[in-house]
Amino acid sequence: MLYNIFIDPFMQMAAAPDLLVQALWEGLVSGVLYALIALGFVLIFKASGVFNFAQGIMVVFAALTLVGLHEKGVPAWLAVLLTLGVMLILAISVERVVLRPLVNQPDIILFMATFGLTYVLIGLGEIIFGGEPKQMITEELFLPRGVIELNILGGRVLLQKIDIAAAVIASLMIVALALFFQYTRIGRALRAVADSHKAALSVGISLNQIWVIVWFAAGLVALITGIMWGARSDVSFALQTIALKALPVLILGGFTSVPGAIVGGLIIGLGEKIAEFYWGPLVGGGIENWIAYVIALGFLMVRPQGLFGDKIIERI
Amino acid sequence: MTRKLVLSALAATAMIASAVPASAEDTVFLPLLTYRTGPFSGSGVHIANGMHDYLRMLNERDGGIGGAKIIIEECETGYDTKKGVECYESTKTKGAVMYNPYSTGITLQIIPKAAVDKIPILSMAYGLSASADGSRFPWVFNPPVTYWDGASVFIKHVLSEEKGNLKGKTIGLVHLDAPFGKEPIPVLEAMAKEYGFNLKLYPIAAAQMQNQGSTWLAIRRDRVDWIYNQGWGAMNPTAVKEAIKNGFPINKLVGVWWAGADDDARAGGDQGKGYKSLNFHNTGANFPVIQDIKKYVLDKGFSKAEASHLGENLYNRGVYNAMLMAEAVRTAQKITGKKAVTGEDVRRGLEALDITEARFKEMGMEGFAAPVKVSCTDHNGHNKVFISQWDGTKYVKASDWIEPLKSIVRPLIEEAAKDYEAKNTGWPKRTEACDKAA
């Protein structure tokens, strides 16, 4: 048993390095996409202290809107723009209808409000688009198809072009959002709001405006996530479960840290794929789903605030 | 004047009183537990449409079944077991005569209730395989085939493709990590011993349905020769895409009948051509029954289906399921001589179900499916299945009708039924008599 746990997996890695590289690549692609989803959560949490339970359904809603518009004959590029418009309207509506009336309410109330929002969006999505799965318009969006086969390390490593595109686009998106919120005036305002709503208000920062911006940014992230995951599978309501993959990432990286979301995403992505591939067979497989939480909890024992999360110091 | 009024009131009451039983007598309540929402709605919508449309067509064309109008009521389960049980509880008091839970999880929950409530369960080609043993499960029916029959047909297909020798071959089962997904494991394990192949299991959690990268990498590592996919919902198109992505020969990936939606294969694009799925009914909209649905239901705006989906695999699956329901009611009417049959009557109808080729022809379904026969002890029939293959635009029949390996499956079913009975203390002994026809 000890041999199977501590020796054999490493022997397998050495014996078939091509499969190790393939597993690492799969983990990297998943990790970048997890990081992107986690970023959507982090942005909203930083600005309003709300854990946005609706992030998953926002992914589905954005992807369905895009594909649904295209089915109605709207050209792909215009469908993307219109979808962004829909996500902006959603952001404004959330700010007006959900957040504004609940200002100064306990965080749990806002959290529950996002639960409500989830079911409203599920219902709305099903009424408008129906429950049938749809195919992502990958070709129309000029996303590449096919595979790059590398004959290396005594075997072959298959790199899907769509996965490469997903990794690149998600990385660019993460960098752009990180820079935007780090170096622009709006970004500084966001950080001020994250530190203290009252202090931010006292220096003239509009909370409402910031909330709209971050919810729109989360909508943008949802659209990109929906396109990428939709291209890997299909666009259906099952996609919302993908957003749950962000939970261990957030536990690991911290709810308030953009770098935490990125590093956390990569650790979880790589960790779960390697664990499933090399250690999964020992327990009959299917460990990927929960091993991410084990990894996150392991980190949490050392750093309770997450890898990059703010240390909470409270005066007693 | 007062007398006149009283007489009029009495006459009106008598009319109403006589009208109510008449209308109640002429109806049969068939609740449909469907899921048009949730993560599995992609498959559920088409089945729900097929079931609803067939029953509605019977109402519109024939005035119901044997003169009894069908009351159709859909209850949304979202493929969620808790909601499914709520649907069961909320509809049973309305006079339900049969249940189609449309989920193995829901089926397992309501099996113990069936004998108590005296309402039979028709879990068509899903649910608990062991419930095919009518001597221990008099209230549960799962024709035309069990998952175990399906797995045995898959192995028969592989045997024929591999020239009868499976020694040294590796066969993988990619399955949803849920009761439904695990169903074929016992029979595949038994067959692995019998035929000498190596069986590998690849469970996929519901949350990982669209994230199967490491599973398919493991399949590549294990050099699996054939894959049987016991998947559902978004798991299936993802499996097809991952197989293509990892260079797994698509014609060696065979799905159970629930992994045979048109959308599942379509997800693979051009490379999805060759994907196989088991099936127990044909596809296509040229059958007179489908044309009648179009004429009496779709064209009149009574359907939620789009015309393009008529004849697709899962739509026809729903039609087939509803046909079994209707035939069970019809048989019950024949046995009892009543129009408004009860759950107990329908149980007898299901037990005497015998749909011959001639009957299929009468129903406008000639060539739609193989004959189905259920009996008092055999609540499944272990009927024939065929391999259907995606030709790039639609499924086509790619094999003859294949008989399940009954010699292996039936003893396993009886053993599992016995085991279920032993584990469920107080499981009632069958007291229901067998009809002559059954």
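This is a predicted model: local features need pLDDT of at least 70, side-chain atom pairs count only at pLDDT 80 or more; totals for chains, interfaces and linings use all residues.
## Extent of the interface

Chain A and chain B together bury about 3100 Å², and 49% of this area lies on carbon and sulfur atoms. On the chain A side, the residues that lose the most area to chain B are A:Glu132, A:Ser233 and A:Phe277, which together account for 18% of what that side buries.

Chain A contributes 43 residues to the contact, and chain B contributes 32 residues.

## Polar and charged pairs

Between the two chains there are 14 residue pairs in polar contact, counting pairs with both residues at pLDDT 80 or more. The number of salt bridges between chain A and chain B is 2. A:Glu26 and B:Lys245 form a salt bridge, with their closest N and O atoms 3.7 Å apart.

## The chain A side

Several elements of chain A give two or more residues to the side that touches chain B: α2 (17-48), β2 (155-160), α9 (207-232), α11 (258-279) and α12 (288-302). The largest share comes from α2(A), with 7 residues.

Sorted by class, this side of chain A holds 15 nonpolar, 14 polar and 14 charged residues.

## Helix α12 of chain B

In chain B, helix α12 spans residues 313-336, a run of 24 residues. The distance from its first C-alpha to its last is 35 Å, close to the 34 Å expected at 1.5 Å a residue.

Most of α12(B) is covered, with 20 of its 24 residues buried. The helix is followed by B:Gly337, which has a positive phi, near 75°.

Key:
Residues are numbered from 1 along each chain as its sequence is written. Chains are lettered from A and ligands numbered from 1 in the order in which they are written. Side-chain values use heavy atoms; hydrogens and water are left out. Helices (H or I, at least four residues) and strands (E, at least two) are DSSP runs, numbered from the N terminus. The expected span of a helix is 1.5 Å times one less than its number of residues. Buried means under 20% relative accessible area, exposed over 50%, partly exposed in between (1.4 Å probe, protein chains only). Contact means heavy atoms within 4.5 Å. Buried area is the accessible area (1.4 Å probe) that two parts lose on being put together, summed over both. A salt bridge is a side-chain nitrogen of Lys or Arg within 4 Å of a carboxyl oxygen of Asp or Glu. A polar contact is a pair of N or O atoms within 3.5 Å; within protein, one must be able to donate a hydrogen and the other to accept it, and residues adjacent in sequence count only if both atoms are side-chain atoms. Ala, Val, Leu, Ile, Met, Phe, Trp, Tyr, Cys and Pro count as nonpolar, Asp, Glu, Lys and Arg as charged, and the others, Gly among them, as polar.
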